[in-house]
Amino acid sequence: MNEHDSEKLGGLLEAEGYRATAMVEQADVILLNTCCIRAKADQKALSLLGRLKLLKTKRPELIIGLCGCLAQSQGAEILKRAPYTDLVLGTHNLHRLPQLLKQVLARKKPKLELVEYSAPLTAKPLPVSRNNPYSAWVTIMEGCDNYCAYCVVPYVRGRERSRPMRDILTEVRQLADGGVKEITLLGQNVNSYGKALDNEFGFPKLLEQLNQISGIARIRFVTSHPKDLSASLIKRMAELPKVCEHLHLPLQSGSDKVLAAMNRAYTQAEYLEKIQLLKEQIPRISLTTDIIVGFPGETEQDFEQTLTILKTVQFDNLFSFIYSDRPHTAASEFKAKIPRTVSRQRFQRLLKLQQEIAASRRKLMLGQPEEVLVEGPSKTDAAKLTGRTRGNKLIHFTGSSDLIGELIQLRIIAAGKNSFQGEVIS
Ligand code: SF4
């Protein structure tokens with residue numbers, strides 16, 4: 001979602017006549033769009049903001065802006081530490097960027113522009129600066145009411161709001177008319193789409209409607225909460241041909257005790273039941289997950305239960321994080337913090353196991369035919385093209401540039417660590 005927000009900030013700047021530059025020293029405006037999901041993300045943003053001070057000293061006319069979740073959560077304090085920042089823009093009012101820039105240029109100095117409440121999602125999509133013309137993100141809902149004990153998102157993205165279905169369908173039809181073939185629906189908890197809307201249907205209905213839009217060949221979505229992944233949604237995923245066989249389903253921990261302390265509202269058995277249903281109904285499904293290591297109170301036995309689930313489910317990939325305290329969250333007050341050295345050791349063990357699982361999963365794909373949406377030249381080898389499978393795997397292959405933007409059939413001939421090599425079948 002942050003990356004999509006960056007596309008919107010880029011689109012708003014382009015609409016004002018600005019152009020992107022790869023040379024940061026030449027920029028007239030530098031916006032840092034920040035994440036604050038972990039302490040490390042905060043530190044990276046603040047360190048970059050610190051380094052930009054030198055540029056600002058050399059060129060006082062340079063405009064520096066801080067946007068996104070860190071801006072929303074700690075904007076006022078950051079302004080005290082980095083008073084050379086020209087504007088601070090929260091997560092609820094990206095659309096205000098052009099006006100704020102004009103005020104900064106007129107030196108009226110709007111240092112801070114945060115909206116403290118959950119503003120409704122605007123019907124009119126903001127302009128978007130997109131690198132990939134065939135694949136697009138579409139926000140369908142924003143915010144979260146779940147209040148997982150470790151998570152700062154409800155405090156920076158606000159309460160859950162869904163966009164009206166008709167607005168989403170209009171946007172996707174326009175994207176299809178513009179040549180987009182793959183959409184990824186975005187929301188902090190897409191499975192609860194539509195809950196707060198009157199006279200609307202939920203997420204399975206939205207998928208059904210999107211599946212009918214001609215020109216769109218693939219539908220993906222992130223992120224799903226296991227508690228809201230219903231049997232009827234799994235059934236629709238299996239039935240709708242455009243919904244890709246890939247699901248990111250954050251587990252976070254394999255221990256019921258830790259899951260309860262995290263306020264995740266499911267047990268390890270309930271999670272595994274849903275995985276079983278997914279595998280039965282969508283045999284080619286590629287599963288990925290998130291794991292937090294070292295949550296307060298996590299014992300060795302708790303951690304081993306997480307490892308056991310990894311072995312049982314066989315995820316294709318996982319995104320793992322060492323727990324860090326986040327402002328406002330319940331877990332930041334929990335006393336039984338895990339020593340950093342213990343968390344690091346567990347993190348390494350988790351990674352090692354997942355590397356073994358991923359390697360064996362990759363071997364299973366060798367020789368298999370795959371549908372690939374060709375994105376463009378490979379970033380690692382300009383003589384090759386790159387595309388993604390329906391299971392969201394990156395494949396490099398030799399082919400004519402006429403194939404860019406097309407859906408083609410490839411056979412996987414080699415597996416690397418992060419990508420595959422393929423050959424064109426048709
Ligand atoms: S459901 Fe996701 S976004 Fe919402 S509080 Fe939990 S982890 Fe954060």
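With which side chain does the side chain of T288 make a polar contact? The partner is the side chain of H246, at 3.3 Å, where a polar contact is a pair of N or O atoms within 3.5 Å, of which, within protein, one must be able to donate a hydrogen and the other to accept it, residues adjacent in sequence counting only if both atoms are side-chain atoms.

This is a predicted model, in which local features need pLDDT of at least 70 and side-chain atom pairs count only at pLDDT 80 or more, while totals for chains, interfaces and linings use all residues. Residues are numbered from 1 along each chain as its sequence is written, and side-chain values use heavy atoms, with hydrogens and water left out.

T288 is found in strand β11, residues 286-293 (strands, E, of at least two residues and helices, H or I, of at least four are DSSP runs numbered from the N terminus). T288 counts as buried because its relative accessibility is 7%, the term meaning under 20% relative accessible area, with exposed over 50% and partly exposed in between, for a 1.4 Å probe and protein chains only. Leaving aside neighbours within four places in sequence, T288 is in contact (heavy atoms within 4.5 Å) with H246, L247, H248, L249, F315 and N317.

S192 lies instead in a loop, between β8 (182-186) and α7 (203-211), and S192 also counts as buried, because its relative accessibility is 2%. Not counting residues up to four places away in sequence, S192 touches M141, E160, S162 and D228.

On the scale of the protein chain, the domain assignment, which is automatic or comes from a database, gives domain 1 (2-113), domain 2 (135-365) and domain 3 (369-424). The contact between domain 1 and domain 2 takes 17 residues from domain 1 and 15 residues from domain 2. About 1400 Å² is buried between these two domains, 53% of it given by carbon and sulfur atoms; this area is the accessible area (1.4 Å probe) that two parts lose on being put together, summed over both.

Across this interface there are nine residue pairs in polar contact, both residues at pLDDT 80 or more. On the side of domain 1 that touches domain 2, the elements that give two or more residues are α1 (2-15), α2 (39-58) and α3 (68-81), and α1 gives the most, with six residues.
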